[in-house]
Amino acid sequence: MPLLRKEPEIFPEDLFEARQPWRVAHVRSRQEKVLARHLLQHGIAFYLPQMERSIVRGGRRYTSHLPLFGGYVFFRGDAAARQAALRSNVVARLMEVEDQALLNDELLQIRKLQLSGASLIPVVEFVAGDPVRIEEGAFAGYRGTILRDARGDRLLVSVSLLRKSVAVEFPRQVLKRQRTG
């Protein structure tokens, strides 16, 4: 049983053949579908890839459709489309796309995977220096920084006063990026 009906994730169907430039909207928390509805109402081409998530509560299965890239909506258009997106009041910032062809190819590949029935699972990419926190397991709550070396990604835990650190390996799925500032 769906919690909410699935909303359109692409408009129009020939989006990838359009000639308008790609733009990327970074939206306020959990406002991706609000922007997609706004763009659809204004006839602006967009892509909001979604994944299906199911949960069982009280013996019943519930299905919801969540954005594959939380916080982001891809759309195409000129300066008027840009202004229309900003008038939605859910856009935190617009990102300029330097390599239009590359973004088009990457999004088209994701779309083709969706249409083939592939189960897409987002993977959080960590960059060396990212502050992270362990979210589950015996070490839940521990904080550190991502260290990248020839052996891969590891968690770096420091004692600032001594200017000393130790590195520990953890599965990346238990790590969550922390906000700075």
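Which residues are exposed on the other side of H3? They are Gln109 and Lys112, where exposed means over 50% relative accessible area, buried under 20% and partly exposed in between (1.4 Å probe, protein chains only).

This is a predicted model, in which local features need pLDDT of at least 70, side-chain atom pairs count only at pLDDT 80 or more, and totals for chains, interfaces and linings use all residues. Residues are numbered from 1 along each chain as its sequence is written, and side-chain values use heavy atoms, with hydrogens and water left out.

Helices (H or I, at least four residues) and strands (E, at least two) are DSSP runs numbered from the N terminus. Those discussed here include the following.

| Element | Residues |
|---|---|
| Strand E2 | 22–27 |
| Strand E6 | 72–76 |
| Helix H3 | 100–115 |

E2 and E6 run antiparallel and are joined by 5 bridges. Valine 24 stands opposite phenylalanine 74 in E6.

The buried residues of H3 are Leu103, Asn104, Leu107, Ile110, Arg111 and Gln114. They lie on the same side of H3, because they cover an arc of only 130 degrees around the axis, taken from the directions from the helix axis to the C-beta atoms. These buried residues pack against E1, E2, E3, strand E4 (50–57) and E6, contact meaning heavy atoms within 4.5 Å. After H3 comes glycine 117, with a positive phi near 95 degrees.

Key
Two strands pair if DSSP finds at least two bridges between them. The expected span of a helix is 1.5 Å times one less than its number of residues.
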